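Biologist: Could you open the model for me? I'd like to go through the sheet and then some of the ring contacts.

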Amino acid sequence: MAKGASIQEPDWHQVDDRLRKPIQDLFAGNGKAAVPQLVGVAAEVVGTCLGMPGLGTATTAASSVVAGLVVDSAIKRMQAQERRLDDEHEQQRALADLLTSELLGRLKHLWEERDWWWQVLEVELQWLHQTQLEHLVSMARTVVSQHEQTRDAVAKVGRQVAALDRTVRGELGDQEARVLLHRYRQFVIDEHSRLRGIFHSEGLERVFVELAVDERSSARERALEQVTSSAGGHQGQTLRDLMDPSLVQAGGAAPRWVVWGEPGAGKSTLARRLTRQLAKEHAHNETGPLPVYCPLPGLAMHRRAVFDWAQSELEGAHGKAKAHGLSGLLERLARAGQGGMPRVWLLLDGLDEVPQSRLEWVQARLRNWADEFPSAPIVVLSRPIGYQPLGTPYDRLAQVQPLDRSRQRELLHNWLGDEASVKQVLSWIDASAGLRDACRVPLMLSLLAFLRDSSSEDAEGPPHNRLDLYERSLQELLRRGHAGLIEDEAGEMRGVQNAGFARAILQEMCYQLQQAPETEWTRQALEQTLLQVAKGDSGLRDRLATWRDATAFLDDVKDRSGVLAPYDGVQAPWRFLHRQFGELLAAQGLRSRGGDAAVLDQAKELTEAQMAQWAEVLAFACELAGDGALEVLKALSVINEDLALRVLPELERIDCVEALGLLREGKWDGDYLVQLLERWLAVGNLDVQAIIGWLWQQVAPERTTDELAYFYYALEHLAGTGRAKPVDGERFFKRCERWPQGGPPEPDYLELPGGAFEMGSDEAEAERQLNERPHTVTVSAFALSKAAVRNAEYERFDPMHERELFSGRLTEESSAHHPVVNVSWWEAYLYARWIGGDLPTEAQWEYACRAGTVTPFSFGETITPKQVNYDGNYPYVGGKKGEYRQATVAVRSLPPNGWGLHEMHGNVWEWCHDWYSDYDEDPTTDPSGPETGTGRVLRGGSWVSDAGGARSPRRFRLGPGSRDGGIGFRVSRGQAQARSPRRE
């Protein structure tokens, strides 16, 4: 039976037309009727995509099921982009277009993957009993008939489909289940008994690798920093602390975490070690935790469910008969929670290494597992550079902390044994700023220990930077092998048959592998690549013949060097000891094709989607150019500015001041500039005074306001770290010709006393958002401008700024008194510095907005357009419709709140100082948000918001470069003299 190849592709233009009407109805307020229509259209397309003749009613059921999931996924995807169906009605058309695009994209993806879907559903549906089929059809009908229950119905249908194969293979008996789980635990203990690659089995085991909750995470998680770990008596968090099932999240679910770590920081080691510890501690405890460690790239490659992966691993070790039923058993236990049954813990590694073509598939599975297994703790591990936010419930972030001096010494002592060798390695680190930065992660420090341990005489001296460390480690691993691998007859370690030949073959192989997005491969894929390499180069073909064939070559590399191996399990794909080994080899393979010219030619061929994949390779390729690295980077910036900016922070041996010249036309901002400076400072490659001089040279009248803000921000950052003097504001603004005669105007501040208040909203508050978690905050006395900054005021600072006249509703004359809009966070920040002030913190803003009230608005339980400028067509709960002005109003034209502050609700969203993050639940004093983030906070609602969007606790965020006709700001000033605010 043909499974898709003979099916005619849908007419996507026609599908697009049919989707638009119900989607537009959805945003016009007819959601109850629109969602079933959406699912109905999608179901017809799905039926075409699946094309399952002969299954009768099953086709209808499957189409409805998959369509419901597709529609739900598209809506969630749209909401994840900081927009909700009931927010910002001026964006209805844009949101409708976005949802149409998302839904159409998912349907096209389903068409492309139809063969896989067909195989899964055919097997599941053919085994159904008639009663089960009728139940499935009934559930599918629920999806398309009841909008209020759509989400719950979709989740139930998804669980029903996932459970079908369990009904046909039956339940395991109690005794059989106990035996199977005991066998699985023993397999886990054996499988994870050795740490990956060059790590000694005990080397890192006794070194505590600390986790710290990211400042963007929420309060409950940051409170865990007080947990005392039993590992070595160090203070801090362990992975086990984070996954503690007693730390139930909102909704009663077990913890869900994303753990970040730089390359070599020990993420995988942490996960594998915890997996082994849990299995070992509960080897004879039938109700103890059952850890499931799974590499996500391998899961994506084979498109398997997480428990199917665990079963396939056990099959590889003990055969199919002794692993039969494990997948279904683990799934049932994951659903059941404790209740007398073991709890399943999921440790999912390598999200950043999932190929882009499979990423959406993995992300969908992660969200499904969080819903389906509420009692199972889940952690996802990733490098920051490749991480794409998963959203709720994976919005709790933790970072692997760098090794401090005591932990470095401990790891080295466990590796090297004698104190003299430890001191020598530490002296190498102290002599090189580059090594000081690199060796804060366990892998790099272990490589350094490996180099010291691999030779009694260090004729070359210590490696002097990251590139040299990787290069020499590769050389030693191939030449001498490493501890724990094969010894020769004399008991000496030796490497591969011919290290030079192997290096040349690996370089070309890695270059070929780099053409595809995968970062791990099956043995068959590697062998095919080696055959292609040999076919295209007779010299490499002769070198490969040294090993007889590709299979023997791979076995030799795996067994004797450990550079490349199936590290994550019996059935796992092959990967490099560390990804950057493969990237360095690929860079060397690229340069062997023609030096700098080959590097630039490669850059010309890259698509937007390939830039992240190639950035590290090209960074190595530039570094390998030695003294010519900066010239290669300059040429690269001409070809692709974005790519050059990705590569720039990785280069260590360049003239930093000259390199900063590449920023003149690039797509960068002040945060990128600060991160770049910090990176160069960490590796000791930065003359601070020279950089300060360069920053001041950039301050010129022709610069945009945003660009001037970037330089001020960088200078202020250096001053804040003690590396520079405080910024002379008058000198700065005179230099860029923005200092008026007599100086900037003094804002009309209202001085506010300090005090404590409940920030956020109570669960009973109508239209409350999940990010408004209530908590007690104390703010010190400060001053806040009584109204938003006006056009006339802002234009004294930036005469080139164009006023928004709202389609002729305002005149040039009248608009002078209206709040300035279409300003980025950077422009607002620099204006605040211009007048000697700041943007208010989010806590200061809400404290001032509430003016001592605890109601949704400072005016009481509801508002009217006579009090607040918002879209009166959408009143607050219990209110009446009113005027919609379709523009801003002049500042101070509406009644002030109880403390004399005007238009805190509505009119314009107002920028705050803070990066956005979840609130800290614990009482705090003068919070100012995390140090970094992806969006700056906006508060207050605007003239286009509904009434609920103007509530005192309502929060919003956008990137700092964003502008909009509904965004303005007001300014604050430190801790003003405390005096009681008066009513005006």
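Modeller: Keeping in mind that this is a predicted model, I would begin with an open sheet of four strands, which has mixed pairing and the order β16-β15-β13-β17.

Biologist: Which strands stand at the edges there?

Modeller: Those are β16 (955-958) and β17 (967-968), and each has a single partner strand, so one side of each is left without a neighbour in the sheet.

Biologist: And how do β13 and β15 run, and how many bridges join them?

Modeller: Strand β13 (residues 909-915) and strand β15 (residues 936-939) run antiparallel and are joined by three bridges; Trp915, for instance, has Arg936 in β15 as its bridge partner. Arg936 also lies over the face of Trp825, at 3.8 Å from the ring centre.

Biologist: Changing topic, how many aromatic pairs does a search of the whole structure find?

Modeller: The search finds 35 aromatic pairs. Among them is the pair of Tyr713 and Trp826, which is edge-to-face, with 4.8 Å centre to centre and 90 degrees between the planes.

Biologist: What does that pair tie together?

Modeller: Tyr713 lies in helix α34 (residues 705-720) and Trp826 in helix α38 (residues 825-834), so the pair ties together parts that are 113 residues apart in sequence.

Biologist: Is Tyr713 buried or exposed, and what about Trp826?

Modeller: Tyr713 is buried, with a relative accessible area of 16%, and Trp826 is buried as well, at 1%.

Biologist: What kind of pair do Phe757 and Tyr847 form?

Modeller: Phe757 and Tyr847 form a tilted pair, 5.4 Å centre to centre with 55 degrees between the planes, and both residues are buried.

Conventions. Residues numbered from 1 in each chain as written. Predicted model: local features only at pLDDT ≥ 70, side-chain atom pairs only at ≥ 80, totals over all residues. Heavy atoms only, no water. Pairing = 2+ DSSP bridges. Helix = DSSP H or I, 4+ residues; strand = E, 2+ residues; numbered from the N terminus. Phe/Tyr/Trp six-rings, centres within 6.5 Å; stacked < 30°, edge-to-face > 60°. Buried < 20%, exposed > 50% of the residue type's maximum accessible area, 1.4 Å probe, protein only. Lys NZ or Arg CZ within 6 Å of the ring centre and 35° of its normal.
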